[in-house]
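Here is a short report on one protein model.

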Amino acid sequence: MKSLFYPVLLLFHAVFISLGNDSKMIKYICVVLLMVYLFHKKRFILQRKYRTVNQALLLFGGTVLFSSIHMLTIHFPPGFKEVSPLSGVLLVLCVACSFFMMEYVNEKNLHQSFFILMYRFTLGYLLVNDLLLLAQMPSVSGMESSTIIYLIGNKFEVTYMHLFFSALYYQVFCTGMKVYLRQYIILVMHLVLTLFIAIGVECSTGVLGVVLLAVFLFLYKKIRFIFRPFFAIILYETILAIPSVQYLIVDILNEDLTLTGRTYIYTRMLDLMDTQPWFGYGNGTATFFTTYYIHEKLTNTPKWIAQ
């Protein structure tokens with residue numbers, strides 16, 4: 001485990017954790033150091049069994065980089081905040097580091113050590129974040145939830161990190177030869193905590209994530225058929241028809257039953273795809289296009305759709 005400590009520490013800060021809006025420099029440093037470490041172990045990258053995956057990574061990276069550079073030639077409407085092509089470079093490096101790291105872990109058969117280290121790093125950050133979150137809640141009461149930044153990021157990043165931690169806990173403590181009842185009880189307690197965190201920060205997608213993760217961890221083998229698209233749609237419509245669920249979404253979370261307008265946003269995105277079908281608009285432009293083309297051009301569109 002000692003041999004993995006520093007590379008996993010770098011990977012965690014480069015890919016899995018966000019320390020607010022000013023953490024990109026930390027990510028750049030971590031990802032560069034990790035790439036140097038991994039290419040020092042380059043023999044495993046060149047192995048034939050990883051060739052297809054690495055070729056796909058090369059194609060993905062080339063497409064994202066070209067799209068980020070191509071963005072500079074597109075005439076954007078007034079008000080567009082330019083996004084540096086370096087954000088595309090960071091994305092490519094983070095994805096590549098993640099795959100290369102897993103190839104290295106697989107080659108050295110260090111899977112459990114990897115998950116244990118990720119579990120410990122995540123636990124440390126969540127303990128500090130949740131204490132600060134509880135102390136911060138009274139002062140941010142009444143503010144727009146999407147504008148509040150916590151220690152490890154916005155409401156989505158906070159909730160998703162709790163979900164990630166639950167999955168790590170399950171992998172580390174609930175997949176061995178001997179699994180005790182108390183370990184499942186702790187897992188359930190953390191899922192309940194994650195649910196309260198998601199409701200507290202008004203993250204409806206996090207609430208849905210908790211439900212799906214709980215179903216997947218405890219009931220997947222018994223009700224596998226519901227994960228098929230046809231049954232999933234029926235289940236989704238059935239659940240939304242339950243009055244208590246509607247009350248939770250609309251009155252408690254202050255959200256819309258159409259996934260905060262996302263179903264409408266997705267249909268409008270098809271129009272944008274027609275103008276740049278091959279290389280898109282570049283990494284980091286999604287928020288602006290969602291706001292400009294869906295909110296500004298459709299003057300009767302409510303604010304929550306633009307979000």
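α7 and α8 pack at about 165 degrees, and their axes lie 8 Å apart. Axes here are lines fitted to C-alpha atoms, for helices over the stretch in contact, and angles run from 0 to 180 degrees between N-to-C directions. The angle makes α7 roughly antiparallel to α8. The cut-offs are these: under 35 degrees is roughly parallel, over 145 roughly antiparallel, 65 to 115 roughly perpendicular, and the rest oblique. α7 passes α8 in a left-handed crossing. Left-handed means that the near helix is turned anticlockwise from the far one by less than a right angle; clockwise is right-handed.

Which residues make the contact? From α7 come Y184, L187, V188, L191, T194, L195, A198 and I199; from α8 come G206, V207, V210, L213, A214, L217 and F218. Contact means heavy atoms within 4.5 Å. By class, the contact of α7 with α8 has 13 nonpolar, 2 polar and no charged residues. Ala, Val, Leu, Ile, Met, Phe, Trp, Tyr, Cys and Pro count as nonpolar, Asp, Glu, Lys and Arg as charged, and the others, Gly among them, as polar.

**The model**

This is a predicted model: local features need pLDDT of at least 70, side-chain atom pairs count only at pLDDT 80 or more, and totals for chains, interfaces and linings use all residues. Residues are numbered from 1 along each chain as its sequence is written, and side-chain values use heavy atoms, with hydrogens and water left out.

The protein has 13 helices and 0 strands. Helices (H or I, at least four residues) and strands (E, at least two) are DSSP runs, numbered from the N terminus. Of the 307 residues, 37% count as buried. Buried means under 20% relative accessible area, exposed over 50%, and partly exposed in between (1.4 Å probe, protein chains only). Among contacts between residues at least 6 apart in sequence, 71% join residues at least 24 apart.

**Helix pairs**

Two further pairs join the one above.

| Pair | Angle | Axis distance |
|---|---|---|
| α7 and α8 | about 165 degrees | 8 Å |
| α1 and α2 | about 140 degrees | 8 Å |
| α3 and α4 | roughly 170 degrees | within 9 Å |

α3 spans residues 51-70 and crosses α4 at roughly 170 degrees. That makes α3 roughly antiparallel to α4. V53, N54, L57, F60, G61, V64, L65 and S68 in α3 meet residues of α4 including G88, V92, F99 and E103.

α1 and α2 pack at an angle of about 140 degrees. That makes α1 oblique to α2. Their crossing is left-handed. The contact includes S3, P7 and H13 of α1, and K27, C30 and Y37 of α2. Its residues divide into 10 nonpolar, 2 polar and 1 charged.

**The core**

The largest nonpolar core has 49 residues, of which L4, V8, L34, M101 and F114 touch the most other members. Helices α1 (2-16), α2 (24-40), α4 (86-108), α5 (111-140), α6 (155-173), α7 (181-200) and α8 (204-219) each supply at least two of its residues. A nonpolar core is a set of buried Ala, Val, Leu, Ile, Met, Phe, Trp, Tyr and Cys residues joined through side-chain atoms within 4.5 Å. Leaving aside neighbours within four places in sequence, V8 is in contact with M101, F114, L117, M118 and F121.

**Two loop residues**

N109 lies in the loop between α4 and α5. N109 is not a glycine, yet has a positive phi of about 55 degrees. At 59% relative accessibility, N109 counts as exposed. E202 sits in the loop between α7 and α8. E202 is not a glycine either, and has a positive phi of about 60 degrees. At 28% relative accessibility, E202 counts as partly exposed.
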